[in-house]
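Me: Got a model here I'd like to talk through. Can you take a look?

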Amino acid sequence: ILENGVKKVILIGIVPDVRENYVNVKRLWINTGLDKLKKKFTIATDLKLCNILLGMMSHSSSHPCTWCDVSKENLKVKGKSRTISSLMNLFWDFFDSKVNKKDAKNYGNVIHHPILSDNIEDETPVISVLPPPELH
């Protein structure tokens, strides 16, 4: 593969014995300088990390889809595409309401500030930066 080719994966780091959760991923994101990256990029990762990067709860929540706002009770219906601005609005609504996590379903299950918010333009569809992982 060419050094300047588009079909390249860059391994940023390996952190053994560190739990994959919002706090640790955000810390790694900042410490590696990814929060300052302004070039267009695509993230190749698994479903769990996709939701963490977007400030969302796990895929067992009421709104599990990384890419749209569909409810798990209605997965046969196409939901509205998620964007950074839609995630930010849901997060701030959740934050301002001061409710418990059990009520997060009323806020699209977005309970954290999206880690990717500094890197993506507000109306960019999430799917263009976080495509579905292989085999999905």
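Me: How many of the 136 residues of the protein count as buried, as a percentage?
Reply: Of the 136, 38% count as buried, where buried means under 20% relative accessible area with a 1.4 Å probe, protein chains only. Keep in mind that this is a predicted model: local features need pLDDT of at least 70, side-chain atom pairs count only at pLDDT 80 or more, and totals for chains, interfaces and linings use all residues. Residues are numbered from 1 along each chain as its sequence is written, and side-chain values use heavy atoms, with hydrogens and water left out.

Me: OK, and which elements does the protein have, from the N terminus on?
Reply: They run α-α-α, so three helices and zero strands, going by DSSP runs numbered from the N terminus (helices are H or I, at least four residues; strands are E, at least two).

Me: What does the C-alpha trace span along its principal axes?
Reply: About 45 × 30 × 30 Å.

Me: Switching to L28, where is its place?
Reply: L28 sits in helix α1, which covers residues 22–31.

Notes. Buried means under 20% relative accessible area, exposed over 50%, partly exposed in between (1.4 Å probe, protein chains only).
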